[in-house]
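Trainee: I would like to learn how to read a structural model feature by feature. Could we go through one together, with the general idea before each case?

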Amino acid sequence: MEAKMKKKLIRIIISLLLIIICLLVEFDTNIYKDILYIVAYTIVGYDIILKAIRNILKGKIFDENFLMTIATIGAFCIKEFPEAVAVMLFYQIGELFQNYAVDKSRKSVASLMDIRPDYANVYREEEIERVDPDEVNIGEIILVKPGEKIPLDGTIVEGESMLNMQALTGESVPRKVTVNDDVLSGCINNDGILKIKVNKEFKESTVSKILDLVENASNRKSKSENFISKFAKYYTPVVVVVALLLAIIPPLIIKDASFSEWLYRALSFLVVSCPCALVISIPLSFFGGIGAASKIGVLIKGSNYLEALANTEIIVCDKTGTLTEGVFKVQEIDAIGYSDNDLLRYASYAENFSNHPISLSIKQAYGKEINEKLISKTKEISGKGVKAQVDGKNILVGNEKLMRENDIKFKKSEKIGTTVYVAIEGKFAGTILIADKIKDDSYKAVKLFKKNKVKKLIMLTGDQENISKSVANELNLDEYYSELLPQDKVSWVEKLMTQKSTEGKLAFIGDGINDAPALALTDIGIAMGGIGSDAAIEAADVVIMTDEPSKIANSINISKKTMRIVHQNIIFAITVKIAVLLLSAFGITSMWIAVFADVGVSILAILNALRILKVKER
């Protein structure tokens, strides 16, 4: 696409230079000037003429390409060479703006989704054989080493580990699995060695279904037709028929009427009928809206998505990484018999040698250098926590199971989030609450969405019910649905799509690979560009580069202003165009007056379009 745009730009520049030469240089004979005009016209407009011919052969006669071709050829017929070239040049400039705006359009998503496993280690004849996941049968045993993706759905028959489920559910904290637990393909095995009995073929596995969902959803996605094409379907046949009648009927019914005179008027009518103001100002309006959105850190991948944003009725959001920060942090420390700082210090020292996300968040909250000479007898107890001696004191840091196992009397926490219990020298010393914090910007986003008259705000998440309910209530969302897999999110999106009006649009905001199918299915898929996965960003129609959901509310404001300006330009341009066409048909205006009026309308429409760039953030 970028190479094509460069070629088109070069053609425009060459054609423009040839026009300037024709206007400024005096030739001995006009034949040289006419040849230069024809060369300039051919360079800048050959592709439009070829498109018009191809469309005619396909039965699609009355489109903008046909109108541009017949109008400019008509200009050549009445010896208005500069007008012919200028009309085609203006049209191509408008097309260049449109092409640039959609240059970042969505690519194939499936090829970028790195959850697809490359191989499976399967036990065959007491040996491990590396094969394609498609070649593994139900009932066979596969081996998954630390750091590898689980290639097929199955049940663990040997081993235990922590699985990174973020690609499937969006959950940041790894999930502990052991013998008899079912596991899903696409998860990453963090530490232990697992033997898994396959219970689904690859084509029926979770990872394969996600890939199919994305591809199928992309195919079902509706796209708005370009306004100019819609307009040309009605406008072009009308002006062509009127021009034809203008050339034929008056000489037949009016006494002494000259056929050549009315042919000239008919061709003039065709030249004037070319909607330059619309051709330039409408793509420029959308381009300006896309540019205004990019200034606030929002990439909109095409004018049809900008138009759709103005009609947003329902917004569906993922939770982790979209409404929340997606990073687990220490939110609260409740110490008993110790200061909060001391409790955090003992916990950090005990967790020093662990790379578990919860351990990392505790050490990050402590934020000081740890003297490892003070730590001894460290033992990590899988699925429960850690034991260690810190400065001669026995420290326990973990969950309820670790406290009960060591006969520690503790007070159970009812707070939302992950509670870490700490015991020092056999006595309960307090709790550390770790949770995924709601983004400050999310509160602002919800208020702005409601100001923009979005009818419904809904959260779909793979997280637990109690955490999801807390976030939904805190943000005052209309609905929420929790503990969902990617296919569940798609099912809910399909249901919600039926709740909008005919003209209304549904937007989905997400950040992970697990959101890609839903992003591709909705009217407007919106991804977080900063923390979002490549698959989500490629599947999306809109990307928030700053990871602030309130930017979408501002983008809706920009889209509404863009559509107001587009409608103003359409009404203004068509009104003036009809007036000039009538005057041309009756021979009241000359060609150059008509051209001047058309250029004036174009300039005013362009200036109006540039107002979009002045939209301010709320």
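**Reading strands, helices and single residues**

Mentor: Let us begin with a pair of facing residues: Lys387 stands opposite Leu396 in E15. This is a predicted model, in which local features need pLDDT of at least 70 and side-chain atom pairs count only at pLDDT 80 or more, while totals for chains, interfaces and linings use all residues. Residues are numbered from 1 along each chain as its sequence is written, and side-chain values use heavy atoms, with hydrogens and water left out.

Trainee: How many bridges join E14 to E15, and in which direction do these strands run?

Mentor: Strands of a sheet pair through backbone hydrogen bonds, either parallel or antiparallel. Helices (H or I, at least four residues) and strands (E, at least two) are DSSP runs, numbered from the N terminus, and two strands pair if DSSP finds at least two bridges between them. Here strand E14 (residues 385-390) and strand E15 (residues 393-398) run antiparallel and are joined by 6 bridges.

Trainee: In what order do the strands of the sheet lie, and which are the edge strands?

Mentor: The sheet is open and is formed by 6 strands in the order E12-E17-E16-E15-E14-E13, with antiparallel pairing. Strand E12 (324-335) and strand E13 (375-381) are the edge strands, since each pairs on one side only. From one strand to the next, the twist averages 20°.

Trainee: Which strands does H11 touch where it packs on the sheet?

Mentor: Contact means heavy atoms within 4.5 Å. By that criterion H11 touches E12, E13, E14, E15, strand E16 (418-424) and strand E17 (427-438), and its direction makes about 120° with that of E12. For such angles, axes are lines fitted to C-alpha atoms, for helices over the stretch in contact, and the values run from 0 to 180 degrees between N-to-C directions.

Trainee: At what angle do the axes of H11 and H12 cross, and why are the two helices called oblique?

Mentor: The axes of helix H11 (residues 340-350) and helix H12 (residues 357-366) come within 9 Å and cross at roughly 135°. H11 and H12 are therefore oblique to each other, because angles under 35 degrees count as roughly parallel, over 145 as roughly antiparallel, 65 to 115 as roughly perpendicular and the rest as oblique. On the H11 side the contact is made by Leu344, Arg345, Ala347, Ser348 and Tyr349, and on the H12 side by Ile362, Lys363, Ala365 and Tyr366.

Trainee: Is Thr324 buried or exposed, and which residues does Thr324 touch?

Mentor: Buried means under 20% relative accessible area, exposed over 50%, and partly exposed in between (1.4 Å probe, protein chains only). Thr324, which lies in strand E12, has a relative accessible area of 0% and is therefore buried. Not counting residues up to four places away in sequence, Thr324 touches Lys319, Asp436, Lys437, Ile438, Lys439 and Val471.

Trainee: How does Ile141 count at 23% relative accessibility?

Mentor: Ile141, in strand E3 (residues 141-144), counts as partly exposed at that value of 23%. The C-alpha atoms of Ile141 and Asn121 are separated by 8.6 Å, although these residues are 20 residues apart along the chain.

Trainee: What is phi of Asp407, and where is Asp407 placed?

Mentor: Phi of Asp407 is near 55°, a positive value in a residue other than glycine. Asp407 has its place in the loop between helix H13 (400-405) and E16, and at 69% relative accessibility Asp407 counts as exposed. Glu425, in the loop between E16 and E17, likewise has phi near 55°, but with a relative accessible area of 45% Glu425 is partly exposed.
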